[in-house]
Amino acid sequence: MITNREKNIHYITHERLNQWAKELGFEKLGVTDIDLSETEAFFNEWIKDKFQGDMEWMSRHGTKRTRPAELVPDTISIISVRMNYRPPQTHDPIMILNHPELAYISRYALGRDYHKMMRKRLQKLANRISEALADKANEQMQYRVFVDSAPVMEKPIAAKAGLGWQAKHTNILSRDAGSWFFLGEIYTNLPLAPSLEEENHCGSCTACIDICPTQAIIKPYVLDARRCISYLTIEHKGVIPIEFREAMANRIYGCDDCQLVCPWNRFSQDATSPDFSIRNNLDAPHLLSLFSWTEEEFLKRMEGSPIRRMGYERWQRNIAVALGNAPKSIEIKQALKEKRVSATAMVREHIDWALEQ
């Protein structure tokens, strides 16, 4: 039975929501209900296997992560959006990976930090929906916006909202947009009609599993973060296990290998927002140049960048490993020895390893 309240918001159609979203720079919008029971069972098993590594925040909030109404009371619908982030006119990623004297930085981190920018746009979208409801039906919208923050299962939500499917590498993949995009959500009390889910089109392809430098995708749809270079270079705060250092090669912030080989990414699109334009020439920088930065230079140059959040110590640690994997040279040896004098104990451990190489 359709309630009066549902009739009141019948004009908040998917077409209208997508139009408003596109006007704010989002490429696509979808809607889902809040039933994440299947995800909860999978997530609990993943946590039980300790695949989250030292990301203790993954299990900190109990069932709030998989039961949206516990996180935001009265939530009955979730609006999910995606925004392309790959900057146009970058150097070929494969070229950078094949030049060990250069530093590879994940394509999502080449521009401005996406969190605040996307959150502001999501807030504008929520405001627009709320104002439309107030004008047309005197309806009150309750909501909260999220962009890679708080205990939110953004990828399963995006899949349920029809933005793509959760692929074997665990990222969201779309037939018409690949996987180079960010996700954001609006939790709301509005009874919105769910979008149609997209079928899984990975088929028998295992390209992402086969290419992973550290075999972090232990089986289709299951990622052991403790082996993942993105985790090791960004989230992991301590010493990088020796067994993974050589495989890291020149990747100093994140890893895109599983996306680079995905056949569906031939349909991916560049970012349209200038916020994702390359800053500080980070798409193909020289390792020695980055290693020479002082902490003050790092903080100043990385202002407004997602890289800044990991801090100078991890920055030096990662570059030291990359220099250990680079071709031997007097310049690299000298740079490592000079930096060792002022480095922290953790960074010195990686510098010593690099010198041994």
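Visitor: Where is Trp57 found?
Guide: In this predicted model, Trp57 is found in the loop between helix 3 and helix 4.

Visitor: Is Trp57 buried, exposed or partly exposed?
Guide: Trp57 counts as partly exposed, because its relative accessible area is 33%, a value between the cut-offs of 20% and 50%.

Visitor: Which residues is Trp57 in contact with, leaving aside its neighbours within four places in sequence?
Guide: With those neighbours left aside, the contacts of Trp57 are Arg65 and Glu235.

Visitor: What is Arg65 in contact with, leaving aside neighbours within four places in sequence?
Guide: With those neighbours left aside, Arg65 is in contact with Leu36, Phe43, Trp57 and Met58, and also with Ala150, Pro151, Val152 and Met153. As for Thr39, 26 residues separate this residue from Arg65 in sequence, and the C-alpha to C-alpha distance is 10.0 Å.

Visitor: A change of topic: backbone angles. What is phi of Asp74, and where is the place of Asp74?
Guide: Phi of Asp74 is near 75°, which is a positive value in a residue other than glycine. Asp74 has its place in the loop between helix 4 (68-71) and strand 2 (77-84).

Visitor: What is phi of Asp148, and in which loop does Asp148 lie?
Guide: Phi of Asp148 is near 50°, again a positive value in a residue other than glycine. Asp148 lies in the loop between strand 4 (143-146) and helix 7 (154-160).

Visitor: Which class of accessibility does each aspartate have, Asp74 and Asp148?
Guide: Asp74 counts as exposed, at 52% relative accessibility. Asp148, at 40%, counts as partly exposed.

Visitor: Next, Thr32. Where does Thr32 lie, and is Thr32 buried or exposed?
Guide: Thr32 lies in strand 1, which covers residues 28-32. With 3% relative accessibility, Thr32 counts as buried.

Visitor: What does Thr32 touch, not counting residues up to four places away in sequence?
Guide: Apart from those residues, Thr32 touches Ser77, Ile78, Ile157, Lys160, Ala161 and Pro194. Ser289 is 257 residues from Thr32 along the chain, and 47 Å separates the two C-alpha atoms.

Visitor: Now the helices. How many residues has helix 14, and how far does helix 14 reach?
Guide: Helix 14, residues 311-325, has 15 residues and reaches 22 Å from its first C-alpha to its last. That is close to the 21 Å expected at 1.5 Å a residue.

Visitor: How many residues of helix 14 are buried?
Guide: The number buried is 13 of the 15, so helix 14 is largely enclosed by the rest of the structure.

Visitor: Are helix 14 and helix 16 roughly parallel or antiparallel?
Guide: Helix 14 and helix 16 pack at an angle of about 5°, with their axes 8 Å apart. They are therefore roughly parallel to each other. Among the residues making the contact are Gln316, Arg317 and Ala320 of helix 14, together with His350, Ile351 and Trp353 of helix 16. By class, the contact has seven nonpolar, four polar and two charged residues.

Visitor: And helix 14 with helix 15: at what angle do the axes cross?
Guide: The axes of helix 14 and helix 15 cross at roughly 150° and come within 11 Å. That makes the two helices roughly antiparallel. The crossing is left-handed. Tyr312, Gln316, Ala320 and Leu323 in helix 14 meet Ile332, Leu336 and Lys339 in helix 15. These residues divide into five nonpolar, one polar and one charged.

Visitor: What about helix 15 with helix 16?
Guide: Helix 15 (residues 330-342) and helix 16 (residues 345-356) pack at about 155°, with axes 10 Å apart. These helices are therefore roughly antiparallel, and their crossing is left-handed.

Visitor: Which residues of helix 15 and helix 16 meet?
Guide: Lys333, Leu336, Lys337, Lys339 and Arg340 in helix 15 meet Arg348, Ile351, Asp352, Ala354 and Leu355 in helix 16. By class, this contact has six charged, four nonpolar and no polar residues.

Definitions and conventions. Residues numbered from 1 in each chain as written. Predicted model: local features only at pLDDT ≥ 70, side-chain atom pairs only at ≥ 80, totals over all residues. Heavy atoms only, no water. Axes fitted to C-alpha atoms, helices over the stretch in contact; angles between N-to-C directions. Helix = DSSP H or I, 4+ residues; strand = E, 2+ residues; numbered from the N terminus. Parallel < 35°, antiparallel > 145°, perpendicular 65-115°, else oblique. Left-handed = near helix turned anticlockwise from the far one by under 90°. Contact = heavy atoms within 4.5 Å. Nonpolar A, V, L, I, M, F, W, Y, C, P; charged D, E, K, R; others polar. Expected span 1.5 Å × (residues − 1). Buried < 20%, exposed > 50% of the residue type's maximum accessible area, 1.4 Å probe, protein only.
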